[in-house]
Amino acid sequence: MPAHPRIQLDANSALTTRRRFLQTSLGAAAGLAAVLSGRTPPAVHAQTREISLISWSHFVPASDKKLADMARRFTKETGIKMTVDHIANPQLPVKLAAEVQTQSGHDLIDLRMHLPIYYETQLVDVTDIVAPLAEKNGGMYGFCEEASLVKGRWRAMPWYHLSFPGSYNKQYFDQIGEKAPDTWEDLLRAGKKLKAKGHPVGIPISQTFDSISTLSGVMWCYGSKTVEADGKTVAIHSQDTAAAIDYVKQLYHEAMEPEVLSWDDASNNRLLVSGKGSWIHNPHSHYLTAKEKGMPVAEHIYFHLSPQGPAGRHTPTVVRNLGIWKFSKNIDAAKEFIKFHFDTEHYSEFILAGESFNAPVYKSMEDHPAWRIDPKYEPIKESGKYGHLYGWPAPGDEKSQQVTNSFIIPNMFAKAVTGVSTKEAMAWAEGEIRRIYGG
């Protein structure tokens with residue numbers, strides 16, 4: 001008896017299978033006929049291309065709002081659905097690493113500094129987009145190549161940069177008869193007077209990226225470097241480095257206070273907007289905060305080009321890049337967004353929304369209206385031509401980034417200002433860098 005129901009079930013299954021086969025065959029035939037006749041099958045009409053972008057939570061909210069607006073307009077114009085996600089800046093590298101490990105996640109990614117080099121093998125070659133845009137807009141600053149040009153191929157589109165001008169309380173400088181410092185020696189001279197009046201200079205000498213930025217700038221201006229341009233020859237042990245260390249030691253003891261040894265990346269901002277500090281070296285986020293909160297000190301904060309030294313004017317620069325993962329399933333659509341976003345009119349809107357905090361990557365935009373939002377920004381607009389990324393002139397490869405992330409440069413200066421001889425501090429740094437580079 002059990003066999004009979006099983007036979008009945010098999011017969012029903014066979015009948016169902018035949019029906020499905022006929023339905024599938026007829027559907028396929030209809031689809032093929034539609035293609036041959038030039039019509040698109042209904043299923044294709046239902047397909048929607050989608051892309052996603054992940055970026056840091058911008059310090060200037062208007063910048064993120066403009067990016068969201070760009071995404072909506074891009075969707076309306078192209079039919080490509082776009083999602084933009086934001087994450088705290090310190091968490092972004094961890095998120096990117098996780099996406100590479102799983103080979104899944106967003107299509108477009110925000111890559112800070114040298115990350116396009118670090119993730120070279122995981123990124124789409126976008127030379128076909130970057131090169132024409134650069135030519136059309138009069139070329140990009142040199143630090144863009146330092147960040148994204150790898151073995152002659154662009155691995156990301158340089159997006160915007162943050163300059164590091166000198167920022168000072170003009171009221172205090174006026175009181176001691178000093179102008180904005182054009183050289184590091186000018187700053188030392190003024191700083192001595194200012195500290196005596198209770199208004200110290202503030203440069204972090206601690207394990208922070210602002211410390212790396214400013215101290216690297218000082219080193220470059222004195223002709224010092226960690227590694228040669230060949231990316232192999234360790235070069236930190238030199239008379240130039242000794243001169244830079246001796247300068248910072250004098251500035252620390254005569255114009256600053258010991259608290260700089262324990263500062264975080266926001267401490268210098270707090271010093272200046274508190275009304276106590278007289279000078280810092282930083283993007284103008286502190287000024288935007290002071291203006292937004294209606295703080296009286298905002299009236300007295302002004303800017304000037306990063307100081308120059310015996311070897312010229314060299315300033316640290318933070319550049320952000322827009323890349324596409326190779327494992328993205330929507331590479332063509334992601335490329336379409338880059339072309340849309342960097343259209344001259346659209347990119348101009350985006351730069352304007354950031355109130356000059358997003359400085360353009362194109363040389364031709366030094367006279368962009370963004371610099372005229374506030375007349376105080378005028379001196380900053382030329383910063384890009386003097387900008388370099390961490391580790392310059394060495395390429396920003398994994399070893400160079402390890403030197404950065406190990407905070408070797410700030411630690412060298414911290415040793416020197418707290419009693420270790422210049423020679424010993426420099427020898428210590430040389431040993432640490434050689435451990436990374438070998439030899």
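Mentor: Strands here are DSSP runs of E that hold at least two residues, and they are numbered from the N terminus. The model we are looking at is predicted.

Trainee: Where is K151 found?

Mentor: K151 sits in the loop between two such strands, β4 (149-150) and β5 (153-154).

Trainee: Why is K151 called exposed?

Mentor: A residue counts as exposed when its relative accessible area is over 50%. K151 has 73%, so it is exposed.

Trainee: Is F407 buried or exposed, and how do you know?

Mentor: Buried means under 20% relative accessible area. F407 has 14%, so it is buried. Its place is the loop between α16 and α17.

Trainee: What makes the bond between W392 and P393 worth a look?

Mentor: The peptide bond that joins W392 and P393 is cis, with omega about 10 degrees. Most peptide bonds are trans. P393 belongs to the loop between β14 and α16.

Trainee: Let us turn to helix α10. How do you know that its length agrees with its number of residues?

Mentor: The expected span is 1.5 Å times one less than the number of residues. Helix α10 covers residues 209-221, which is 13 residues, so it should span 18 Å. The C-alpha atoms at its ends are 18 Å apart, and therefore the two values agree.

Trainee: Why is α10 described as largely enclosed?

Mentor: Twelve of the 13 residues of α10 are buried, so the rest of the structure largely encloses it. Among the buried residues are D210, S216, W220 and C221.

Trainee: What caps the N-terminal end of α10, and how do you know?

Mentor: T208 does: one of its side-chain oxygens lies 3.1 Å from the backbone nitrogen of S211. The cut-off for a polar contact is 3.5 Å, so that distance falls within it. After α10 comes G223, with a positive phi near 85 degrees.

Trainee: What does α10 give to the largest cavity?

Mentor: α10 supplies four residues of the lining, the most of any contributor. Helices α10, α16 (398-405) and α17 (408-417) each give at least two.

Trainee: Now for the charged pairs. Why is the contact of E336 with R49 called a salt bridge?

Mentor: The rule asks for a side-chain nitrogen of Lys or Arg within 4 Å of a carboxyl oxygen of Asp or Glu. The closest N and O atoms of E336 and R49 are 3.1 Å apart, so the pair meets the rule. It links distant parts of the chain, with E336 in helix α14 (residues 331-341) and R49 in the loop between α2 (42-46) and β1 (50-56), 287 residues apart.

Trainee: How many salt bridges does the rule give?

Mentor: The count is 26. One of them joins E349 and R73, with the closest N and O atoms 2.9 Å apart. E349 is in helix α15 (residues 344-353) and R73 in helix α3 (residues 61-78), 276 residues apart. These two residues also belong to a network of salt bridges with K66 and D69.

Trainee: Why is E349 not called buried?

Mentor: Buried needs a value under 20%. E349 has 21%, so it counts as partly exposed. R73, at 27%, also counts as partly exposed.

Trainee: What makes the salt bridge of K291 and D374 a tie between separate parts of the chain?

Mentor: The closest N and O atoms of K291 and D374 are 3.2 Å apart. K291 is in helix α13 (residues 285-292) and D374 is in the loop between α15 and β14 (387-388), so the pair ties together parts 83 residues apart in sequence. K291 is partly exposed at 33%, whereas D374 is buried at 7%.

How values were computed:
Residues are numbered from 1 along each chain as its sequence is written. This is a predicted model: local features need pLDDT of at least 70, side-chain atom pairs count only at pLDDT 80 or more; totals for chains, interfaces and linings use all residues. Side-chain values use heavy atoms; hydrogens and water are left out. Buried means under 20% relative accessible area, exposed over 50%, partly exposed in between (1.4 Å probe, protein chains only). A polar contact is a pair of N or O atoms within 3.5 Å; within protein, one must be able to donate a hydrogen and the other to accept it, and residues adjacent in sequence count only if both atoms are side-chain atoms.
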